[in-house]
Amino acid sequence: MASDHVDVLIVGAGLSGVGAAVHLQRECPGKTYAVLEARGAAGGTWDLFRYPGIRSDSDMFTLGYSFKPWTNPKAIADGDAIREYVRETAREYGVQEHIRFHHRVLRAEWDSATARWTVHAHRDDTGEDVAVTCAFLFTNSGYYRYDEGYTPEFPGVERYAGRLVHPQHWPEDLDYAGKRVVVIGSGATAVTLVPAMAERAGHVTMLQRSPTYVISLPSRDPLADAARRWLPAKAAYAVTRWKNVALGVANFQLSRRAPNLVKKFLRRAARGSLPVGYDVDRHFSPRYNPWDQRLCVVPDGDLFAAVRAGKAAVVTDTIDTFTERGIRLSSGEELPADVVVTATGLNLLALGGMTLAVDGAEVDLASTVAYKGMMLSGVPNFAMTIGYTNASWTLKADLVATYVCRLLRHLDDTGQQIVTPLAPDTTDLVPIIDLQSGYVLRAVDRLPKQGPAAPWRLHQNYPRDVLLMRHGRLTDSGVRFSRAGTPATVADRPAPVA
């Protein structure tokens, strides 16, 4: 079994993993590193998902990296453009040479005596088991399970004679031109699929059990277009990025403080985009408040346009059973379908499924508490990237990578080797992902927790996190710095630093 050592081991070569590698090169140029990627190419989510219309549900001026301006005219970009942006970044900054593809990480074991992780991976291309040791382990594998999407049990599905497809595993040979399509679901994937498939299908029906908030945004950003004409590329990008950050924060805060006002705005916007007399309350007015689940963005109102044109329809009902020809609803109506797409969600899988052990003791993720949303109590020299749920993933990924680099420099400057978060003395804990979406609720008992206040609370507020992660102090009562030979399970807590 081959073995080697690097200072920092990054897991995942998607949007956040490639970004983490660039930050490490720029801010800690003396550190050696490698990137382990389970798939055969960089791009992560944007390399995996290939269904029609796949695109971002965040603007690319905030989903893009802080260090590399997004220059494509489209603010809401398609998956191919995002995948190429990630790969171009990897090539441009020399990250590509550090990526080891087909390395599926299975387990990581920390040894306090040597202050090292031993990371075990399986090479899917050769069948070989390999081990890499590192001083710091940085996971950027997201929290979705990539090999399997979520599909509920549908009564009678075995009788269905048509084609049944899950978006996570889109078949290249699927021809839906002129056919009747039913897309089951109401989230970001469904509202993307429906207008994209409606361009070629005979008709597309979005079948939803309950509605989701849907908002139309322009696919191009007028301020970005103007800024590019008058400012250097980096300045134009920064102006647009901060404008969109400010709008996002304002939208989220207003939704939390005046949800009824935001509900009225979203309802009015939907009503203005749909045919006169359309039942907006039934199909586009959810029972929950805005941002209890993510808002679904449709560029240039393409979903509404497909409904207006009669190419698509929204049906709000529950499934009684599948039939040979389609789906019979609880209301008695039957939806004929040549193709059924189950856009019913994803499964969460923390850390890409890898297990952790510290000094021989297994780590139970559900028993850990997240420090600043990026480290785990009792787990030394370890960080993970979890993006915002109310804003672009990369905004938080950039901050986490910057913070990791600050930590690494602090360890070197102080002669320390180990940084370990210590669990807060409280039982007031909640899941780290504060959403009521089904994919979160199904896995909530397996996720790390967060505490009642900073540094154990994830604020979902980018400007506030900029101050905390880029400029806040590294030493506080939540972490302990030490050298090799100090057990990670010490119970004493350091005094707060003034």
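**Entry 1: the largest cavity**

I began with the lining of the largest cavity, whose residues divide into 10 nonpolar, five polar and no charged. I note here that I am reading a predicted model. The space in this largest cavity comes to about 110 Å³, and among its 15 lining residues I found Gly142, Ala350, Leu351, Met384 and Ile386 listed as the closest to its centre. I then looked up how many cavities of 30 Å³ or more the model holds, and the count is three.

**Entry 2: the second largest cavity**

I went on to the second largest cavity, which holds about 40 Å³ of space. I wrote down its lining as Leu15, Ser16, Gly19, Ala20, His23, Tyr65, Thr394, Ala397, Asp398 and Ala401. Two elements give two or more residues to this lining, namely α1 (15-27) and α11 (393-414), and of the elements α1 gives the most, with five residues. When I sorted the lining of the second largest cavity by class, I had five nonpolar, four polar and one charged residues.

**Entry 3: the second largest pocket**

I checked which elements take part, and β11 (214-217), α7 (233-257) and α8 (259-273) each supply at least two residues of the lining, while α7 gives the most, with 10 residues. By class, I found that the lining of the second largest pocket divides into 20 nonpolar, 10 polar and six charged residues.

**Entry 4: a sheet of three strands**

Last, I followed an open sheet of three strands, which has the order β14-β15-β16 and antiparallel pairing. I asked myself why one side of β14 and of β16 is left without a neighbour in the sheet. β14 (319-322) and β16 (334-336) stand at the edges, and each has a single partner strand, so one side of each is left without a neighbour in the sheet. From one strand to the next, I noted a twist that averages 20 degrees.

I then took the pairing of β14 with β15 (residues 326-329) by itself, where three bridges join the two antiparallel strands. Within this pairing, I found Thr321 standing opposite Arg328 in β15.

Key
Residues are numbered from 1 along each chain as its sequence is written. This is a predicted model: local features need pLDDT of at least 70, side-chain atom pairs count only at pLDDT 80 or more; totals for chains, interfaces and linings use all residues. Side-chain values use heavy atoms; hydrogens and water are left out. On a 1 Å grid over the protein atoms alone, a cavity is a set of points where a 1.4 Å probe fits but cannot get out, and a pocket is an open set with protein on both sides within 12 Å along at least five of seven lines; lining residues have an atom within 4 Å of a point. Grid points are joined across faces, edges and corners, and a volume is the space filled by probe spheres set on the points. Ala, Val, Leu, Ile, Met, Phe, Trp, Tyr, Cys and Pro count as nonpolar, Asp, Glu, Lys and Arg as charged, and the others, Gly among them, as polar. Helices (H or I, at least four residues) and strands (E, at least two) are DSSP runs, numbered from the N terminus. Two strands pair if DSSP finds at least two bridges between them. Axes are lines fitted to C-alpha atoms, for helices over the stretch in contact, and angles run from 0 to 180 degrees between N-to-C directions.
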